[in-house]
There are 2 protein chains.
Amino acid sequence: MQKIELPRKAVYRLSVYQRCLQRLRENDVETVSSEALAKAAGVKPTQLRKDLGYVGQFGTRGLGYNVETLAEAITAALGSTRLQPVILVGVGNLGSALLRYSGFRKEGFEVIASFDRYPIKDRVKGTGVPLHPAEEMEDYIASHAVKMAILAVPATEAQTVANQLVRAGVQAILNFSPTVLDVPENVYVNNVDLAIELESLSYFIR
Amino acid sequence: MQKIELPRKAVYRLSVYQRCLQRLRENDVETVSSEALAKAAGVKPTQLRKDLGYVGQFGTRGLGYNVETLAEAITAALGSTRLQPVILVGVGNLGSALLRYSGFRKEGFEVIASFDRYPIKDRVKGTGVPLHPAEEMEDYIASHAVKMAILAVPATEAQTVANQLVRAGVQAILNFSPTVLDVPENVYVNNVDLAIELESLSYFIR
DNA sequence: ATATGTGAACGGCTTCACAGCC
DNA sequence: GGCTGTGAAGCCGTTCACATAT
């Protein structure tokens, strides 16, 4: 059931290809070459073909790829885990913005609930996402079989909350807290550290 | 003046070390071993030492590193570019949340202005950051010698705005728009694609 | 004894070159 | 002729092993 054969980076890029294909589809494009798609995705054509190679063969030589077919193939490869329910923990400034961010839904994710130690209903106003006190989190995760969580709590709380998430059964965490989380190795974490992104960029300006 | 010798990833990690050291300093820790610091930063001790090796020698064998000295050394290596002024373009949900996000300031960055095609003053209320109409952006960048920008506009606008930024003199862009930006190679871009982060994570849950 | 600094080995990802197919 | 598919080569970053310093 698990398919760890894909390198982490390839998985990431396949997601990007997926989105590019979506746009092509909206524009009723039927066929695309590795060169065109690669350019849209910001990678080299060979890279793209290698990545697709991990997953199977979908192209027609001399012609290119059928947009529809390829999109389906990638979806199949990445798993239809896309419709996973997600919870968000930490409804501060960032957290509440993330709730309003339409990108998640657009990519097939639904944030089904949010949690905060001090639940301020105003923060979720207009999002349609229910907000619960933190104490209810673990039960909720267990009873709703939630496997993914977005973590946007202060750095000082992050590890504690992560432990709760893991204990309750969460297997993947998108972590916005500026801390390195210590989790079991069967739990996957993607870190998005806004300040560090900016800081590391600043090095390159002359 | 430019120092491209450091691999991009090393720069990123050095920023992380920097922050860990800051915390140690706050707790009046004077000395730290590569093992301890590495653990805090979520890397292997050898990795840490390699990274520091890019920059110089600061440790005392058999003892470890002096927290104060090391912090200064890293700051020097990364450049005191940290106090760079930054502008934010696109004050939607995400953009306005980023303005409120304290993490940037904490790491030494100041967002000195924001821009939006339809400037709604409410969006920046309480942030102390001025909001200007998009037309004024290029002049502002040039006259204030802005080198860094945070881009949080819709995907459809991203490339256009990026072109304007580059033309006006911006050299580094932190891009939150779900698009691959096409920029000259002397312009550095860090992409933060929230939906893709989540999607690529979802692959790993069983 | 303990912990750093670093050349060498390793591994994985990217790119190349070209064979294969339409 | 054009474009995909893929083994081989190349490259970069990580890890190892150990020499070196206190």
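User: Which residues of H8(A) are buried?

Analyst: Happy to start there, keeping in mind that this is a predicted model. An α-helix has 3.6 residues a turn, so residues three or four places apart point the same way. What covers the buried residues of this helix includes strands S4 (85-89), S7 (148-151) and S8 (172-175) of chain A. The buried residues of H8(A) are Ala158(A), Val161(A), Ala162(A) and Leu165(A).

User: What distance separates the end C-alpha atoms of helix H8 of chain A?

Analyst: Helix H8 of chain A covers residues 155-168, which is 14 residues. At 1.5 Å a residue, these should span 20 Å. The model agrees, because the end C-alpha atoms are apart by 20 Å.

User: Which residue follows H8(A), and what is its phi?

Analyst: The phi of this residue is positive. The residue is Gly169(A), and its phi is near 120°.

User: Which residues touch the most other members of the largest nonpolar core?

Analyst: This core holds 121 residues. To picture one of its members, Leu151(A) touches residues including Val89(A), Ile173(A) and Leu174(A). Leu151(A) also touches Ala158(A), Val161(A) and Ala162(A), which are among the buried residues of H8(A). The residues that touch the most other core members are Ala149(A), Leu151(A), Ala149(B) and Leu151(B).

User: How many of the residues of chain A, in percent, count as buried?

Analyst: Chain A has nine helices and nine strands, and its C-alpha trace spans about 60 × 50 × 35 Å along its principal axes. Among its contacts with a separation of 6 or more, 55% join residues 24 or more positions apart. Of the 206 residues of chain A, the share that counts as buried is 40%.

User: What kind of axis relates chain B to chain A?

Analyst: Chain B can be laid on chain A with an RMSD of 0.1 Å.

User: Which residue of chain B comes closest to the rotation axis?

Analyst: Here the distance is taken at the C-alpha atom. At 2.8 Å, the closest residue of chain B is Ala97(B).

User: Which element gives the most to the side of chain B that touches chain A?

Analyst: The contact takes 47 residues from chain B and 47 residues from chain A. On the side of chain B, the elements that give two or more residues include helix H1 (8-26), helix H5 (93-100) and helix H9 (194-202). By class, this side has 26 nonpolar, twelve polar and nine charged residues. With nine residues, the element that gives the most is H9(B).

User: Why do the copies meet through the same surface?

Analyst: The answer lies in how the interface residues of chain B compare with those of chain A. The copies meet through the same surface because the share of chain B interface residues that are also interface residues in chain A is 100%.

User: Which element gives the most to the surface near DNA strand C?

Analyst: There are 25 residues around DNA strand C, and Pro7(A), Arg61(A), Gly62(A), Gly59(B) and Gly62(B) come nearest. This surface divides into five nonpolar, twelve polar and eight charged residues. With five residues, the element that gives the most is H3(B).

User: Where does the largest share of the surface near DNA strand D come from?

Analyst: Around DNA strand D there are 26 residues, with Gly59(A), Gly62(A), Pro7(B), Arg61(B) and Gly62(B) nearest. By class they are five nonpolar, twelve polar and nine charged. The largest share, five residues, comes from H3(A).

Note on methods
Residues are numbered from 1 along each chain as its sequence is written. Chains are lettered from A and ligands numbered from 1 in the order in which they are written. This is a predicted model: local features need pLDDT of at least 70, side-chain atom pairs count only at pLDDT 80 or more; totals for chains, interfaces and linings use all residues. Copies are superposed by least squares on the C-alpha atoms of residues with pLDDT of at least 70 in both. Two residues are in contact if their C-beta atoms, placed from the backbone, lie within 7 Å. Helices (H or I, at least four residues) and strands (E, at least two) are DSSP runs, numbered from the N terminus. Ala, Val, Leu, Ile, Met, Phe, Trp, Tyr, Cys and Pro count as nonpolar, Asp, Glu, Lys and Arg as charged, and the others, Gly among them, as polar. A residue is near a molecule or strand if its C-beta atom, placed from the backbone, lies within 6 Å of it. A nonpolar core is a set of buried Ala, Val, Leu, Ile, Met, Phe, Trp, Tyr and Cys residues joined through C-beta atoms within 7 Å. A residue is buried if 20 or more other C-beta atoms lie within 10 Å of its own, exposed if 12 or fewer, and partly exposed in between; C-beta atoms are placed from the backbone. The expected span of a helix is 1.5 Å times one less than its number of residues.
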